[in-house]
Amino acid sequence: KLNTGKAHIVTLEDYVEHALEGLTQVSVQATPGLTYADGVRAALQHDHDVLMVSDLHEPQTAGLVIRSALTGRLALAAMHTPDTASTVTRLLDYGIEPYFLCGSLSGIVAQRLVRKLCTTCREPSKMEAANLVPLGIDVPKESASAPLWRAKGCAKCGNTGYTGLTGLFEVLAVDHHIRSLIIKRSPGAQIRQSAVSKGMVTLAQAGWQKVQSGDTTLDELLRVCGTELH
């Protein structure tokens, strides 16, 4: 979407799996001696507009990406963290000063992939939504008796009960209040609680919506997001 021909876009990827016309794509692992930090420094010297780093796994690269964002460029980066709030605390643990983080961070998206139910063979489940309350899922009263679905298996889905994947997304918008918590180095749980109170849909809630709509099963949600259902 950003690749309109009007912006200089640089990507630093572990391996370039899909070559895209109009982008400067750098395969870090395929270039001997090149690190992500080296790639970010080179991008800063070549006046890029957009920078994408596929793995923000160590402090030096994180600091350089933050520097890129602070100079008015759009920086996109991937990290391995349990949820959105944990990304903030991880960056602070990397040694990023809170005021730099507040000045550069706009938003965080956490994602999970769950298998989609096969619509040909899925079956209604006897479990009612009210039974999910002990699992930590907040179930609205109007859907307390909503039917769920379970996987069965047929020739179309290879007898797995599932076909294809669908995404679960948790989006943390870094607003003024979140920035005030970052400045105070508040724990991730407090940042998460604040975001939820302002309407953030958690990974577990997004998954529950998929379960209710019949897109996936409770078993699949528990498999993928079991640790977030509390």
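## Helix α2

In this predicted model, helix α2 covers residues 59–70. Its 12 residues reach 16 Å from the first C-alpha to the last, close to the 16 Å expected at 1.5 Å a residue. At the start of the helix, a side-chain oxygen of E58 comes to within 2.9 Å of the backbone nitrogen of Q60. Just after the helix, G72 takes a positive phi of about 95 degrees.

The buried residues of α2 are T61, A62, L64, V65, I66, S68 and A69. They pack against several other elements, namely α1, β3, β4 (74–77), α3 (84–93) and α4 (98–104). An α-helix has 3.6 residues a turn, so residues three or four places apart point the same way.

## From α2 to α4

One of the elements packed against the buried residues of α2 is α4, and G103 is found in that helix. Between G103 and I66 there are 37 residues of separation in sequence, while their C-alpha atoms are 9.0 Å apart in space. I66 belongs to the buried set of α2. G103, by contrast, has a relative accessible area of 52% and is exposed, because the cut-off for that class is over 50%.

## R73 and its contacts

R73 is placed in the loop between α2 and β4. Its relative accessible area is 19%, and it counts as buried because that class holds values under 20%. The side chain of R73 makes a polar contact with the side chain of T71, at 2.6 Å. A polar atom of the R73 side chain also lies 2.8 Å from the backbone oxygen of H48.

Leaving aside residues up to four places away in sequence, R73 touches L44, D47, H48, D49 and S68. Of these, S68 is one of the buried residues of α2.

## H48 and its contacts

H48 sits in the loop between α1 (36–45) and β3 (50–53). With a relative accessibility of 1%, H48 counts as buried. The side chain of H48 reaches the backbone oxygen of A43 at 2.9 Å, whereas the backbone oxygen of H48 is the atom that lies 2.8 Å from the side chain of R73.

When residues up to four places away in sequence are not counted, H48 touches H8, V10, A43, S68 and R73.

Helices α5 (176–183) and α6 (188–197) pack at an angle of about 170 degrees, and their axes are 10 Å apart. That angle makes α5 roughly antiparallel to α6, because angles over 145 degrees fall in that class. On the α5 side, H177, I178 and L181 take part in the contact, and they meet Q190, I191, S194 and A195 of α6. By class, this contact has 4 nonpolar, 3 polar and no charged residues.

The loop between these two helices holds R185. R185 has a positive phi of about 55 degrees although it is not a glycine. At 47% relative accessibility, R185 counts as partly exposed.

## N159 and its backbone angle

A positive phi is also found at N159, which is not a glycine either; the value there is about 60 degrees. Most residues other than glycine have a negative phi. N159 lies in the loop between β7 (147–150) and β8 (162–173). Its relative accessibility is 59%, and N159 therefore counts as exposed.

## Helix α7

Helix α7 spans residues 203–212, and its buried residues are L203, A204, A206, G207, W208 and V211. These residues pack against β5 (107–117), β7, β8 and α8 (218–225). Just after α7, G214 takes a positive phi of about 85 degrees.

## The chain as a whole

The chain has 8 helices and 8 strands. Of its 230 residues, 41% are buried. Among contacts between residues at least 6 apart in sequence, 64% join residues at least 24 apart.

Terms used: Residues are numbered from 1 along each chain as its sequence is written. This is a predicted model: local features need pLDDT of at least 70, side-chain atom pairs count only at pLDDT 80 or more; totals for chains, interfaces and linings use all residues. Side-chain values use heavy atoms; hydrogens and water are left out. Helices (H or I, at least four residues) and strands (E, at least two) are DSSP runs, numbered from the N terminus. Buried means under 20% relative accessible area, exposed over 50%, partly exposed in between (1.4 Å probe, protein chains only). A polar contact is a pair of N or O atoms within 3.5 Å; within protein, one must be able to donate a hydrogen and the other to accept it, and residues adjacent in sequence count only if both atoms are side-chain atoms. Contact means heavy atoms within 4.5 Å. The expected span of a helix is 1.5 Å times one less than its number of residues. Axes are lines fitted to C-alpha atoms, for helices over the stretch in contact, and angles run from 0 to 180 degrees between N-to-C directions. Angles under 35 degrees count as roughly parallel, over 145 as roughly antiparallel, 65 to 115 as roughly perpendicular and the rest as oblique. Ala, Val, Leu, Ile, Met, Phe, Trp, Tyr, Cys and Pro count as nonpolar, Asp, Glu, Lys and Arg as charged, and the others, Gly among them, as polar.
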